[in-house]
Amino acid sequence: MEKIFSIGQELGHLHIPQGMLMDMKEIHTVPHHQVIILCTGSQGEPNAALTRIAAGSHRHVQIFPGDTVVFSSSPIPGNVIQVNRSIDMLMRSGAAVLYGAEYDIHTSGHGSREDLKLMIRTMRPRYFIPIHGEYRMLVSHQKLAEQVGIPSNRIYVLNIGEPLLMTKYHARKGRNLPSGSSFVIRGKVENHEPELIDERNRLAKDGVLIVALVLNNETCQMISGPDLISRGFVYVRDANELMKTAESQLKSALYGLEQKKEASCEIWEHKISEVLQNFFYSQLQRTPVIFSSIHSVSHPTQVKDD
């Protein structure tokens with residue numbers, strides 16, 4: 001923002017009286033009602049100045065009761081939650097917050113159609129590749145380029161991972177390159193299958209339930225368990241009755257496998273998952289990720305009382 005102000009002054013678009021701009025570190029030397037702070041963060045970006053100010057973590061700026069904060073743009077799709085969080089934190093600090101269509105103060109950070117046309121006319125590119133935004137926006141940008149004289153066969157609307165090979169005389173699309181989200185784990189960049197990410201999201205949302213039991217491998221009877229261990233699903237002390245009911249229903253369902261002398265761990269695991277998922281969804285409308293820990297023993301140790 002400082003660079004934009006500097007360029008704006010050099011080009012004569014901004015006329016700021018001498019001494020009106022001041023260093024952020026000096027704002028405490030001026031009465032609060034005489035200070036206006038222009039900063040980034042109207043879209044709730046995590047590291048932007050306004051977000052840090054709202055959270056109370058900015059080094060030089062603090063919100064006081066009676067302050068007024070103006071959001072100069074409406075939140076774009078996908079940023080609504082972050083913006084609302086910043087607004088809530090600012091209001092908790094006592095600030096009056098002006099935002100949204102109610103005040104009609106939205107200021108776009110993007111060039112208008114005529115601005116884009118002017119840029120294309122000025123640059124006169126041999127090839128034109130619209131970027132940024134959704135696909136429909138790229139197509140609209142393509143049509144603008146055609147309106148100012150760029151031949152349609154020199155305009156390329158590309159998908160992610162689709163390269164354009166250019167020489168001095170021609171351009172053509174190349175073979176698709178690997179693309180997508182990458183994750184940094186312990187300092188290493190790894191690409192994971194969507195199924196793994198979906199599973200992690202489910203773990204974070206609904207938690208984990210571990211079922212532990214011990215089977216006699218010869219008689220197919222339960223020696224101990226089933227014991228339910230919750231991690232991130234429900235707090236056991238507050239849901240003691242719920243967990244006892246779940247254990248009771250599971251034990252009744254597994255009794256049928258005992259009677260059939262079913263020794264396959266896969267069948268036991270399937271039955272455990274089926275019973276618990278149905279039960280917890282009916283009670284909580286949530287289905288945790290269920291892990292079964294089944295230990296089979298051939299000759300269980302007999303413990304005698306002294």
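Guide: Two strands pair if DSSP finds at least two bridges between them. This is a predicted model, in which local features need pLDDT of at least 70, side-chain atom pairs count only at pLDDT 80 or more, and totals for chains, interfaces and linings use all residues. Residues are numbered from 1 along each chain as its sequence is written, and side-chain values use heavy atoms, with hydrogens and water left out.

Visitor: How many helices and strands are in the chain?

Guide: The chain has eight helices and nine strands. Both are DSSP runs (helices H or I, at least four residues; strands E, at least two), numbered from the N terminus.

Visitor: Why are β7 and β8 said to pair?

Guide: Strand β7 (residues 208-216) and strand β8 (residues 222-231) share seven bridges; at least two are required, so the two strands pair. Their sense is antiparallel. Within this pairing, V208 stands opposite R231 of β8, and the bridge partner of V211 in β8 is L228.

Visitor: What lies between the strands in the hairpin of β7 and β8?

Guide: Five residues lie between them, and one of these, C220, takes a positive phi near 60°.

Visitor: How do you know that β7 and β9 pair?

Guide: The same rule of at least two bridges applies, and β7 has nine bridges with strand β9 (residues 289-297), in the parallel sense. A212 stands opposite S293 in β9.

Visitor: What makes the pairing in the sheet mixed, and in which order do the three strands come?

Guide: β7 and β8 pair in the antiparallel sense, while β7 and β9 pair in the parallel sense. The order in this open sheet is β8-β7-β9.

Visitor: Why do β8 and β9 count as edges?

Guide: Each of β8 and β9 has a single partner strand, so one side of each has no neighbour in the sheet. On average, neighbouring strands here are turned by 15° against each other, direction ignored.

Visitor: Which strands do α7 and α8 lie across?

Guide: α7 lies across β7 and β8, at about 140° to β8. α8 lies across β7, β8 and β9, at about 145° to β9. Such angles run from 0 to 180 degrees between N-to-C directions, with axes as lines fitted to C-alpha atoms, for helices over the stretch in contact.

Visitor: How do α7 and α8 pack?

Guide: Helix α7 (residues 240-259) and helix α8 (residues 265-284) pack at an angle of about 145°, and their axes are 10 Å apart. From α7 the contact (heavy atoms within 4.5 Å) includes L242, M243, L250 and L257, and from α8 it includes W268, I272, F279 and F280.

Visitor: What makes residues of the contact of α7 with α8 nonpolar, polar or charged?

Guide: Ala, Val, Leu, Ile, Met, Phe, Trp, Tyr, Cys and Pro count as nonpolar; Asp, Glu, Lys and Arg as charged; the others, Gly among them, as polar. By that division, the contact of α7 with α8 has 15 nonpolar, three polar and two charged residues.

Visitor: Why is T51 called buried?

Guide: Buried means under 20% relative accessible area, exposed over 50%, and partly exposed in between (1.4 Å probe, protein chains only). T51 has 12%, so it is buried. T51 is placed in helix α2 (residues 49-55). Leaving aside neighbours within four places in sequence, T51 is in contact with G41, G44, E45, P46 and S86.

Visitor: Why is S292 called partly exposed?

Guide: S292, found in strand β9, has 23% relative accessibility, a value between the two cut-offs, so it counts as partly exposed. Not counting residues up to four places away in sequence, S292 touches V211, E269 and I272. S292 and I267 are 25 residues apart along the chain, with their C-alpha atoms separated by 11 Å.

Visitor: Why are H132 and Q285 called exposed?

Guide: H132 has a relative accessible area of 65% and Q285 one of 51%, so each is over the 50% mark. H132 is in the loop between α4 (113-123) and α5 (135-147), and Q285 is in the loop between α8 and β9. Neither is a glycine, yet phi is positive in both: near 80° for H132 and about 55° for Q285.

Visitor: How does the chain's radius of gyration stand against a compact globule of 306 residues?

Guide: The chain has 31 Å, whereas such a globule would have near 19 Å. The radius is taken over C-alpha atoms, and the globule rule is 2.2 Å times the number of residues to the power 0.38. The C-alpha trace spans about 95 × 65 × 40 Å along its principal axes. Buried residues make up 26% of the 306 residues.
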